[in-house]
Amino acid sequence: MDGQAAEAITRDIRPVVVGVDRSDSGRDAAEWAADLAAVWGVSLRLVHVLPGTPDDGPSPVPPWLAELARGAERAGADVDAAGVVSGATVQMLADQASRARLLVLGSYGEGAWSGMLAGSVALGLIGGVPCPVAVVRGPAPQVPPPRGGPVVAGVDGSAAGHAALMLGADIAESLGARLVAVHTWTDIVLGPHGDARRSREDESVLAEEGAHLLDTEVDLVAAAHPALPVERILAEDTALRALMHRAASARMLVVGYRGRHEIGEMMPGSTSNGLVEFAPCPVVVAKPDSVGDAGRAARSSATVAR
């Protein structure tokens, strides 16, 4: 089997799904998703949810939604659906996400509240759907998300962190951006009851272990994306603080989600949720089962090599 045939088999052709409303944030999410769908070569679906029951029947497409679809097509995206469905917003979008490569949501819509930039819909979907979730925003309301800067991915050695790094590499390469891989370490650890204490490990040992972990993960990226420029950042800090520090100059943040919850349940406090709520740029949250074939192949090859 030649390389082109193998790529055709392994390429993820599932659509990018966007939950939209008529807000500026909904428009930004649709435009952001259209750019990514176009470079990925996959279709784009625009979904607007109205309150009601799923058996209410199809609703007519409002003019603002039709214009969003036309704008996405002008951006090069293949819009295979733009429609209105009835039901509970979180559940209806979760149903769409079950068949999606990526679920994209706006942030400054009606569901957002003071201080936290993401609404209950976004927080209720993260971790409860099988595909990665992107929450799109710029640094302020009515300011579009950035189109320049690096893709910044958090690396923590977990399966979710690996998923985030490989997804970040895929997005960065597709958009022609560079990738920044960030790993943090600290000598403060949490006990079984949430109590903080100092680690018994020497700081130099923790830093050395962190550097090794980061190098190992980035080597997997290099195996899968040999032409992608990657910057490695090792910091003595918390992951949330280090990633927030780089959010102002990032095109987007990509992080892993390791928590478990049911669809619709919000779990504030984790690094991923903290970034979704407060970061001034788009945040993409990946789960372990969203690692692509390239990432799995790279990990397998590295294991064999050792």
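**Sheet pairing and helix packing in a predicted model**

User: In which sense do strand E4 (residues 102-106) and strand E5 (residues 133-136) pair over 4 bridges, parallel or antiparallel?

Analyst: This is a predicted model, in which local features need pLDDT of at least 70, side-chain atom pairs count only at pLDDT 80 or more, and totals for chains, interfaces and linings use all residues. Residues are numbered from 1 along each chain as its sequence is written, and side-chain values use heavy atoms, with hydrogens and water left out. Strands are DSSP runs of E with at least two residues, helices runs of H or I with at least four, numbered from the N terminus, and two strands pair if DSSP finds at least two bridges between them. Gly106 stands opposite Val136 in E5, and the sense in which E4 and E5 pair is parallel.

User: Which strands are the edge strands of the open sheet of 10 strands?

Analyst: The pairing in this sheet is mixed, and its order runs E3-E2-E1-E4-E5-E12-E11-E6-E7-E10. Pairing on one side only marks the edge strands, which are strand E3 (78-86) and strand E10 (230-236).

User: Is Ser25 buried or exposed?

Analyst: Ser25 lies in helix H2 (residues 24-40), and its side chain reaches the backbone nitrogen of Ser107 at 2.5 Å. Buried means under 20% relative accessible area, exposed over 50%, and partly exposed in between, with a 1.4 Å probe and protein chains only. Because its relative accessibility is 5%, Ser25 counts as buried.

Technical notes:
A polar contact is a pair of N or O atoms within 3.5 Å; within protein, one must be able to donate a hydrogen and the other to accept it, and residues adjacent in sequence count only if both atoms are side-chain atoms.
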